[in-house]
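Please have a look at it first.

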Amino acid sequence: MSYKFNSVTIRTDNSEIGMAKIKELWADIMQGKISLEFVENGKPVNGLFPISSYSDYENNENGKYNLSIMSVTADFFAKMESLVEQGKYTKIDESGKTIAECADKAWSKVWELSLNGELKRAFTIDYESTVPAEYTKDGKTHCCLYIAVK
């Protein structure tokens with residue numbers, strides 16, 4: 001019997017081992033070892049977008065948290081933009097050559113803004129959407145974070 005899931009969740013942290021777990025999870029999804037509904041034969045399914053959500057923070061970015069990889073439709077992004085306008089989320093958008101580069105830039109910006117007191121994180125649920133360069137109009141990889149704020 002085969003299954004197709006709409007999300008998968010792991011408990012991890014920002015340590016080197018935790019980052020390796022996240023990388024392995026994404027590789028398992030893209031190679032078809034874990035079957036999520038947004039990917040078929042290593043290719044995105046039209047109309048569904050993969051995102052990561054970060055929740056159940058132990059305390060802050062230095063503790064453990066749940067990372068879920070899930071499928072959303074385009075209306076998810078419209079809802080998030082509305083929450084940004086309402087001041088419930090801050091949007092961080094970065095681009096780069098690779099997924100790792102642009103994600104590192106985006107998260108580094110979050111941590112810098114938090115450290116400087118410019119960003120007051122709620123540590124409830126945050127979202128990340130990363131789009132590889134082959135699917136963008138400008139040929140760059142994009143990483144968009146929606147960070148819950150107090």
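By a salt bridge I mean a side-chain nitrogen of Lys or Arg within 4 Å of a carboxyl oxygen of Asp or Glu. This is a predicted model, in which local features need pLDDT of at least 70 and side-chain atom pairs count only at pLDDT 80 or more, while totals for chains, interfaces and linings use all residues. Residues are numbered from 1 along each chain as its sequence is written, and side-chain values use heavy atoms, with hydrogens and water left out.

The count comes to seven salt bridges, and one of them joins lysine 109 to glutamate 94, with the closest N and O atoms 3.8 Å apart. Lysine 109 lies in helix H3 and glutamate 94 in strand S6, so the pair ties together parts that are 15 residues apart in sequence; helices (H or I, at least four residues) and strands (E, at least two) are DSSP runs, numbered from the N terminus.

Are the two partners of another pair, arginine 121 and aspartate 126, buried or exposed? Both are buried, arginine 121 at 4% relative accessible area and aspartate 126 at 0%, where buried means under 20%, exposed over 50% and partly exposed in between, with a 1.4 Å probe and protein chains only. Their closest N and O atoms are 2.7 Å apart, and salt bridges that share partners join Glu61, Arg121 and Asp126 into one network.

Turning to the sheet, six strands form an open, antiparallel arrangement in the order S1-S5-S4-S7-S8-S6, where two strands pair if DSSP finds at least two bridges between them.
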